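Here is a friendly walk through one protein chain, written for someone who likes to know the cut-offs behind each term. Have the model open beside you as you read.

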Amino acid sequence: MADHVQGLAQLEILCKQLYETTDTAVRHQAEKALVEFTNSADCLSKCQLLLERGSSSYSQLLAATCLSKLVSRTSNPLPLEQRIDIRNYVLNYLATRPKLAAFVTQALIQLYARITKLGWFDCQKDDYVFRNVIADVTRFLQDSVEHCIIGVTILSQLTNEINQADTTHPLTKHRKIASSFRDSSLFDIFTLSCNLLKQASGKNLNLNDESQHGLLMQLLKLSYNCLNYDFIGTSTDESSDDLCTVQIPTSWRSAFLDSSTLQLFFNLYHSIPPSLSPLVLSCLVQIASVRRSLFNNAERAKFLSHLVDGVKRILANPQCLPDPNNYHEFCRLLARLKSNYQLGELVKVENYPEVIRLIANFTVTSLQHWEFAPNSVHYLLSLWQRLAASVPYVKATEPHLLETYTPEVTKAYITSRLESVHVILRDGLEDPLDDAGLVQQQLDQLSTIGRCEYEKTCALLVQLFDQAAQSYQELLQSTNSSTADATVQEGRLTWLVYIIGAVIGGRVSFASTDEQDAMDGELVCRVLQLMNLTDSRLAQAGNERLELAMLSFFEQFRKIYIGDQVQKSSKLYRRLSDVLGLNDETMVLSVFIGKIITNLKYWGQCEPITSKTLQLLNDLSLGYPLPSVRKLVKLSAVQFMLNNHTSEHFSFLGVNNQSNLSDMRCRTTFYTALGRLLMVDLGEDEDQFEQFMLPLTAAFEAVAQMLSTNTFNEQEAKRTLVGLVRDLRGIAFAFNAKTSFMMLFDWIYPAYMPILQRAIELWYHDPACTTPVLKLMAELVHNRSQRLQFDVSSPNGILLFRETSKMITTYGNRILTLGEVPKDQVYGVKLKGVSVCFAMLKAVLSGNYVNFGVFRLYGDDALDNALQTFIKLLLSIPHSDLLDYPKLSQSFYSLLEVLTQDHMNFFASLEPHVAVYILSSISEGLTALDTMVCTGCCSSLDHIVTYLFKQLTRSTKKRPASMATDDRFLHIMRQHPEMIQQMLSTVLNIIIFEDCRNQWSMSRPLLGLILLNEKYFADLRNSIVNSQPPEKQQAMHLCFENLMEGIERNLLTKNRDRFTQNLSVFRREVNDSMKNSTYGVNSNDMMS
């Protein structure tokens, strides 16, 4: 007994150290000791003692969290009786101690919820022992306010717990529990919460009393958790809640047909303090999003009428809306009015004219107070965007009045953004223009809103633009003007250019008129005139934000008016011709290219502008259709770029001004675009190609010169080389035709390949240098569009592979000498380069331009070296890292697929520990979330299983002695049969129990796995059948019988295809059978 007391005292000291000490070392020691305690054999009994006798809240918290871990573990789970005892103990403990510390109560309720969820299908004497949740809670609800709070929190936490999938248990199990809970208990819990809320609102609650305030808050949270339940397992992303529909089951209809439920929440909103009303509004948002099919047309109209009345009442009494949380939730509620109901239904509501006026006034006021709750504006704009987009389709005879109110909203948005500029500069506030994502989102919404009554939008924009541009010009010409005034006008013009780009981008071809195109022309002329003014001043000064706005405008203008999208007779072109003398598309394209060259000349040191400018050039070079690109190439400015791509003309190509090597990424985009433009007229003209490559030739010669001396400036050499290989990668990516690519190949090989190899040898430890070189090599060996087609007499395919092998071997052997790399740097320093090597090897092995059989035939070790390096690199990577880093896992598993398909002899000769490592990586990859990885694993496993099956069937026949070498792999499989069995079990489990997204891929290796393990498959089948309820076992047995019906003992394509068809039917029948056995009787009423 004394030992127990001493042990408890020790645990309490550790808890105090864990939660209270500021000394990291002491906390770390305490944490280590408590982890050991959690894993000890007597943890359960000690947790009970801690709860009974512990003197501090921390020890009670420790006991509750330890018990949660014990009941959650999947291996060696606690017996049913023990879990029932813990559940009952927790309920009694909470009932007898209602005034525990809040975090202890929370942890104990969490424990109860976890036990209940995981034991939902556990039976004792034909009784589901963990399902009497309402009975468990009733005794709390009949006691003091503190007890009521605990009771309601239990229901709220349980609903939340069952709604949340966890990673330790299969998703299928979670959905079964969630569906059963939905059908058996959720509606009763929701009804209970509504009744308790009615009772609470009927009484005059003293909400200054902390406990009564707490009770009301927990009741509202419970109602919200019920309404926010994932009813049909869609698991939507909570961050994108705009289009969410609440899939209320049909059995809940009564609660929503009865207007008192909706009325209850609207009444509560007006009667409780602002601190609680956001929760009420959250519930109303969910109620407003109830699926449309729950009602017939008349019922929906009645429901919508009550909803709109409630909204009108809030707008008429806006006392609580200045609270940011209330305001945000109310904006979400307004957005749901249009996301869930049609404009034709809204206009028929009795008070529609009054409500749309109030909503418009509320929106205008909100937009004018731009500094208040900026994130909520998104919902208001999305409401007006949807309303404006619906105007052409509304059939109702009632007026929608949007032609009156939408221009007011557009005007409020534009004028408020312009007025904000002065205030932001004066008070030093954060500029919303710096948040590119938010601005873009709002502009996308405005593009639709502004096109409604477009004449008014254009007139306003023209008026405001002319005022701002005139003031700006006067300030520039004035000698005594302040820079602050000019900055304000630049800020206003920046907003106007963004907005003009957005409304032009909102043009819809079928709804556009000649008059609207002429208005677009007015706006475009003004922006281009402003551009001429600002470009003429770039030698003295420029405004980065205004330049980014111009690029956004050009992007929208390109999408709508360049290429085949629009007739050249468009009134826009006529306006451009009249005002600026731009008579056709070629002249407009020359303005684009002129702007691109100007930006690259003056803004080369500004990364955001350079990258956006190059993206615009890239988009133009991709031009569709081809005539547009041909027009582009004929422009003198484009010819200038193709003949003068040096740092003298484009400062961002300089090597001495970048702060670090990774800033050179934009060079690849630049050269991809130039490469495409060069290809248009290149044909077989080698002289033109040589001329284009002159700056790169000079750069390569400079690097070669540096590397040939013992003393050279390492930084300069690195910068020159990294810039060069990024440029070349862009060109290699663009040259996807055989003729042009062969010119590039002959230029780089053999002359410059040794320089790349030397760079890898020298700087293998510097990823900023090696990664671009490796990526260039990976691009060069990639047979994109069959561009690597060597002549029959050319050895270039083999020579290219030798270079690839040499680079992989050099890099691989050297990177392995780095030893242990810190976890936070391991990807950048090592794994990224390894990943590119894997991708490079995969590209060259699957490129179909090398016959790999000749290497062994002629004693060339290039192939063996590359494959052995791959194995060494692979063994240096822990399994967890293979799946933790997406790019690494994709390159590894796609390489593995090629190796198992074409190089199974190499695979079969691997050392046992290597083969086991690769097989276990396939086994883990089968359950990966990335479908591409999972599919690659299935394919690799199929090749391995097919090979094994062939070897086994051959071994029963007489075979030549030369095949004895292949026995090693068979031997490993015989020594470790559990590996293949484990994979059979995994694949079968995924197909039966999981949401299998690549069923065809899974079916291919499964037949081979079954034929290799027929006895194990029979045992597995029996255990699955026996785990079903007795009345379902016969049906399940029949499913398995049908699966193998007509299947022969071979892996011929015809046999495999039959098996894949059988598997499809098998999965459907098994799922139907299991649904019926676990979902309860109401599971199919969801959408009826």
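Helices (H or I, at least four residues) and strands (E, at least two) are DSSP runs, numbered from the N terminus. The model is a predicted one, in which local features need pLDDT of at least 70 and side-chain atom pairs count only at pLDDT 80 or more, while totals for chains, interfaces and linings use all residues. Residues are numbered from 1 along each chain as its sequence is written, and side-chain values use heavy atoms, with hydrogens and water left out.

**Overall picture**

The secondary structure comes to 50 helices and two strands. Taken along the principal axes, the C-alpha atoms fill a box of roughly 90 × 90 × 65 Å. Buried means under 20% relative accessible area, exposed means over 50%, and partly exposed lies in between (1.4 Å probe, protein chains only). By that rule, 54% of the 1088 residues of the chain count as buried. The areas themselves come from the Shrake-Rupley method, and for residues only the protein chains shown count as cover.

**Salt bridges**

A salt bridge here is a side-chain nitrogen of Lys or Arg within 4 Å of a carboxyl oxygen of Asp or Glu. The structure holds 37 of these salt bridges, and three of them are set out below.

| Pair | N to O distance | Location |
|---|---|---|
| Arg357 and Glu354 | 2.9 Å | both in helix H17 (residues 352-368) |
| Glu547 and Lys595 | 2.7 Å | helix H24 (residues 544-561) and helix H26 (residues 585-602) |
| Lys823 and Asp881 | 2.8 Å | loop between helix H36 (796-815) and helix H37 (826-845), and helix H40 (residues 879-884) |

Arg357 and Glu354 lie three residues apart, about one turn of the helix. Arg357 is partly exposed, with a relative accessible area of 32%, and Glu354 is partly exposed too, at 30%.

The bridge between Glu547 and Lys595 links distant parts of the chain, 48 residues apart. Are its two partners buried or exposed? Both Glu547 and Lys595 are buried.

Lys823 sits in a loop and Asp881 in helix H40, so the pair ties together parts that are 58 residues apart in sequence. Lys823 counts as exposed at 53% relative accessibility, whereas Asp881 is buried, with a relative accessible area of 4%.

Salt bridges also link Asp466, Glu522, Arg526 and Arg575 in a network.

**Aromatic contacts**

Rings of Phe, Tyr and Trp (its six-membered ring) pair if their centres lie within 6.5 Å; planes under 30 degrees apart count as stacked, over 60 as edge-to-face and the rest as tilted. A search of the whole structure finds 39 aromatic pairs. In one of them, the ring centres of Trp120 and Phe181 are 5.5 Å apart and the planes stand at 70°, so the pair is edge-to-face. Trp120 lies in the loop between helix H6 (102-118) and strand S1 (123-124), and Phe181 in helix H9 (residues 171-202), so this contact ties together parts that are 61 residues apart in sequence. Both Trp120 and Phe181 are buried. They belong to one aromatic cluster, along with Phe187, Phe190, Tyr229, Phe231, Trp252 and Phe256.

Patches are made of residues with over 30% relative accessible area and no salt bridge: like charges are joined within 9 Å, and nonpolar side chains (Val, Leu, Ile, Met, Phe, Trp, Tyr) within 5 Å. Lys and Arg count as positive and Asp and Glu as negative, with His and the chain ends not counted. The place of a charge is taken as NZ of Lys, CZ of Arg, CG of Asp or CD of Glu.

Which residues gather in the patch of negative charge? They are Glu684, Asp685, Glu686, Asp687, Glu690 and Asp746. Helix H31 (residues 686-708) gives the most to this patch, with three residues. Glu690 has its place in helix H31 and is partly exposed, with a relative accessible area of 40%.

**Backbone details**

Most residues other than glycine have a negative phi, and most peptide bonds are trans. The peptide bond from Tyr749 to Pro750 is cis, with omega near 5°, and Pro750 is in the loop between helix H33 (738-748) and helix H34 (753-763). Leu401 has a positive phi, near 65°, in the loop between helix H18 (377-390) and helix H19 (402-427). For Glu453, phi is positive as well, near 55°. Glu453 is found in the loop between helix H20 (436-451) and helix H21 (454-477) and is partly exposed, with a relative accessible area of 28%.

Key. Areas by Shrake-Rupley, 256 points an atom, 1.4 Å probe, with all protein chains shown as cover.
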